[in-house]
Amino acid sequence: MLKIGKYDIAGAILAPMAGYTDVAFRTLCRECGAGLTVTEMVSVRGLVHDSQKTEQLMRLSEIERPSCIQLFGNDPADFATVAKTLSCDIIDINMGCPMPKIVKNGDGAALLNDPERAGRIVRAIKDVTDKPVTVKTRLGYHMDEHQAAALIDSVARAGAAAVAVHGRYADQRYMGFSDSGEVVELAKNSPIPIILNGDIGEVFPPSRHIAALMIGRQALFNPHVFDDQPAEPFGTARRHIELLTKYFDERYTINQTRKFFVHYFRRVNGSKALRNAVNIAQSVSEVQRAIDECEKLNQ
């Protein structure tokens, strides 16, 4: 079991994924057995400047306890300012996002090139709050540049409770294969717990050195991956819609079903017709009818 501060995390963790891990999907994954769910990454600059859009990313549900908000940026002062205002239980720092619009500002994976600054960010948060701080990163920035160990050491000395490592380099983005073996090697020498992320399928690679698993894209296909249950796309889709309509308006709900149904129904008879119907749907009731019609084909 992973311990983050005073919190015991039992079960795999849902990885933060931009555009996907909103409060509805996180709640669904918690219901399916996720031990911890993390928000989409939130800009500390946006929070400092009172961005309403940024605030919406931090909605939390009652089932998310402990709760975790992921922040990104590079200015320790911004992190300190924001940390004092957060109502979550755990603060996670993104030091691994490889997207150009993020790294060009010195955020995300760019911090692999500046482990000293990475440590100062963690220390700035620890100086103003007793909330545990975690970090998410990658093996390094460029292929075969093993910078993660230096970053882990720096944030550990600054007070980080754990680090999740995605087994790719930033310049790989999401191409190629994640190297879980390299993450295990990092874990063997790490002063704090290491969480394994990247290409984790339904059969998890066991290692006594890994404190926990963090699952991303596999959960998009089947949120029940967290409780080892087989995919049940119709029930999953209906529950997801219930949660979306609880937290969001109809337009957002329909847009999210278009994203997720590509994954939920990829191996279901009539999936193409279902996706086509959802793509032109103008109401949630139309989406629900499309699910009903597809389910009839599979009975």
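Predicted model: local features only at pLDDT ≥ 70, side-chain atom pairs only at ≥ 80, totals over all residues.
**View 1. The largest cavity holds about 80 Å³ of space.** Its lining has 14 residues, and Leu 36, Asp 92, Thr 134, Ile 195 and Met 214 are the closest to the centre. A cavity here is a set of points on a 1 Å grid over the protein atoms alone where a 1.4 Å probe fits but cannot get out, and lining residues have an atom within 4 Å of a point. Points are joined across faces, edges and corners, and the volume is the space filled by probe spheres set on them. Strand β8 gives the largest share of the lining, three residues; strands are DSSP runs of E, at least two residues, and helices are runs of H or I, at least four, numbered from the N terminus. By class, the lining splits into 11 nonpolar, one polar and two charged residues (nonpolar: Ala, Val, Leu, Ile, Met, Phe, Trp, Tyr, Cys and Pro; charged: Asp, Glu, Lys and Arg; polar: the others, Gly among them).

**View 2. The second largest cavity has about 30 Å³ of space.** Around it sit Phe 221, Asn 222, Pro 223, Ala 231, Glu 232, Pro 233, Thr 236 and Tyr 264. That makes five nonpolar, two polar and one charged.

**View 3. Helix α13 covers residues 284–297.** From first C-alpha to last, its 14 residues reach 21 Å, close to the 20 Å expected at 1.5 Å a residue (1.5 Å times one less than the number of residues). Val 284, Val 287, Ala 290, Ile 291 and Cys 294 are buried, meaning under 20% relative accessible area with a 1.4 Å probe, protein chains only. Down the axis of α13, these buried residues fall within an arc of 115°, so they line one face of the helix (the arc is that of the directions from the axis to the C-beta atoms). They pack against α10 (233–247), α11 (250–264) and α12 (271–280), with contact meaning heavy atoms within 4.5 Å.

**View 4. Helix α7 spans residues 148–158.** Ala 148, Leu 151, Ile 152, Ser 154, Val 155, Ala 156 and Ala 158 are buried in α7. The packing partners of these buried residues are β7, α6 (115–126), β8, β9, α8 (180–188) and β10 (194–197).

How values were computed
Residues numbered from 1 in each chain as written. Heavy atoms only, no water. 1 Å grid on protein atoms, 1.4 Å probe; cavity = no way out; pocket = protein on both sides within 12 Å on 5 of 7 lines; lining within 4 Å. Buried < 20%, exposed > 50% of the residue type's maximum accessible area, 1.4 Å probe, protein only.
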